[in-house]
Amino acid sequence: MIVSIIVAKAKNNAIGIKGDLPWRLPADLKHFKKTTAGHHVIMGRKTFETLQKPLPGRTHIVITSNRNYSVPEGHRVVHSLEEAIAIGKEKELEKIFILGGAEIYKLALPYCHEMIITEIDAVPEADTYFPDFKKENWAISDKSNYQKDENNPFNFSFVTYKRKAVP
């Protein structure tokens with residue numbers, strides 16, 4: 001099973017401010033929806049709560065330390081990242097996506113095989129950041145660059161990083 005992080009981050013690694021994205025980038029939302037549709041998605045409780053309801057066409061696995069936390073039927077609550085990943089393995093999923101937040105991304109880095117990152121050419125104010133990672137451990141397998149337009153106020157790239165094999 002491929003464990004894949006998916007995130008949009010700015011040049012300063014910003015990913016959020018006050019429980020929201022620090023930008024509006026419709027092309028990224030469309031890319032996110034297309035990429036994760038039909039898959040299981042793992043996220044922390046705070047990230048799940050910013051959604052207000054589960055994203056359609058995806059099974060949500062929510063990580064929380066709250067033993068009484070509940071999610072709508074068809075979705076799951078777990079209490080560790082390892083437990084969340086185990087669900088994917090038990091179901092023999094081809095791929096599972098990590099959606100954040102920052103602490104979940106940090107925990108997931110050692111487990112993930114790929115990262116699908118929307119790199120946004122901006123340096124917004126933020127209170128939540130994607131963790132640093134050693135780029136020498138990753139190879140870019142795909143990259144598409146886009147210029148800002150009337151709907152997307154920043155230049156951005158969709159970049160897929162694959163973990164390099166350990167020698």
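Tutor: Begin with a convention for charge: Lys and Arg count as positive and Asp and Glu as negative, while His and the chain ends are not counted. Keep in mind that this is a predicted model.

Student: With that convention, how far apart do the centres of the positive and negative side chains lie in the protein chain?

Tutor: The protein chain carries 24 positive side chains and 20 negative ones.

Student: Which pattern do the helices and strands follow along the sequence?

Tutor: The protein chain has four helices and 10 strands. Read along the sequence, their order is β-β-α-β-α-β-β-α-β-α-β-β-β-β.

Student: What share of the residues of the protein chain counts as buried?

Tutor: The accessible surface comes to about 9,600 Å², and 49% of it belongs to carbon and sulfur atoms. For single residues, buried means under 20% relative accessible area. Of the 167 residues, the share that counts as buried is 44%.

Student: Among contacts between residues at least 6 apart in sequence, what percentage joins residues at least 24 apart?

Tutor: The set to consider is the contacts in the protein chain between residues at least 6 apart in sequence. Of these, the part that joins residues at least 24 apart is 62%.

Student: How many aromatic pairs does the structure hold, and what kind is formed by Phe 130 and Phe 133?

Tutor: The structure holds seven aromatic pairs. In the pair of Phe 130 and Phe 133, the ring centres are 6.2 Å apart and the planes make an angle of 80 degrees. Planes over 60 degrees apart count as edge-to-face, so the Phe 130 and Phe 133 pair is edge-to-face.

Student: Are Phe 130 and Phe 133 buried or exposed, and which residues form the aromatic cluster?

Tutor: Phe 130 is buried, with a relative accessible area of 2%. Phe 133 is buried as well, at 17%. The cluster is formed by Tyr 105, Phe 130, Phe 133, Trp 138 and Tyr 161.

Student: Is Glu 114 buried or exposed, and which residues does Glu 114 touch?

Tutor: Glu 114 is found in strand β7, residues 114–120. Its relative accessibility is 2%, so Glu 114 counts as buried. Leaving out residues up to four places away in sequence, Glu 114 touches Ile 2, Val 3, Ser 4, Ile 5, Lys 95, Trp 138, Thr 160, Tyr 161 and Lys 162.

Student: Which form does the peptide bond from Gly 100 to Gly 101 take?

Tutor: Most peptide bonds are trans. Gly 101 is found in the loop between β6 (95–100) and α4 (102–108). The bond from Gly 100 to Gly 101 has omega near 0 degrees and is cis.

Student: What phi does Asn 13 have, and what phi does Glu 92 have?

Tutor: Most residues other than glycine have a negative phi. Asn 13 lies in the loop between β1 (2–10) and β2 (14–16), and Glu 92 in the loop between α3 (81–90) and β6. Asn 13 is buried at 14% relative accessible area, whereas Glu 92 is exposed at 71%. Phi is positive in each case, about 70 degrees for Asn 13 and about 55 degrees for Glu 92.

Student: Which residues does Asn 13 touch?

Tutor: Residues up to four places away in sequence are not counted here. The residues that Asn 13 touches are Thr 128, Tyr 129, Phe 130 and Asp 132.

Student: What distance separates the C-alpha atoms of Phe 48 and Gly 101?

Tutor: Phe 48 is in helix α2, residues 45–51, and is buried at 7% relative accessibility. Its contacts beyond four places in sequence include Met 43, His 60 and Tyr 69. Phe 48 and Gly 101 are 53 residues apart along the chain, and their C-alpha atoms are separated by 9.1 Å.

Student: Which residues are in contact with Gly 88?

Tutor: Gly 88 is in helix α3 and counts as buried, at 0% relative accessibility. Leaving aside neighbours within four places in sequence, its contacts are Met 1, Leu 93 and Ile 96.

Note on methods: Residues numbered from 1 in each chain as written. Heavy atoms only, no water. Helix = DSSP H or I, 4+ residues; strand = E, 2+ residues; numbered from the N terminus. Buried < 20%, exposed > 50% of the residue type's maximum accessible area, 1.4 Å probe, protein only. Contact = heavy atoms within 4.5 Å. Areas by Shrake-Rupley, 256 points an atom, 1.4 Å probe, with all protein chains shown as cover. Charge placed at Lys NZ, Arg CZ, Asp CG, Glu CD. Phe/Tyr/Trp six-rings, centres within 6.5 Å; stacked < 30°, edge-to-face > 60°.
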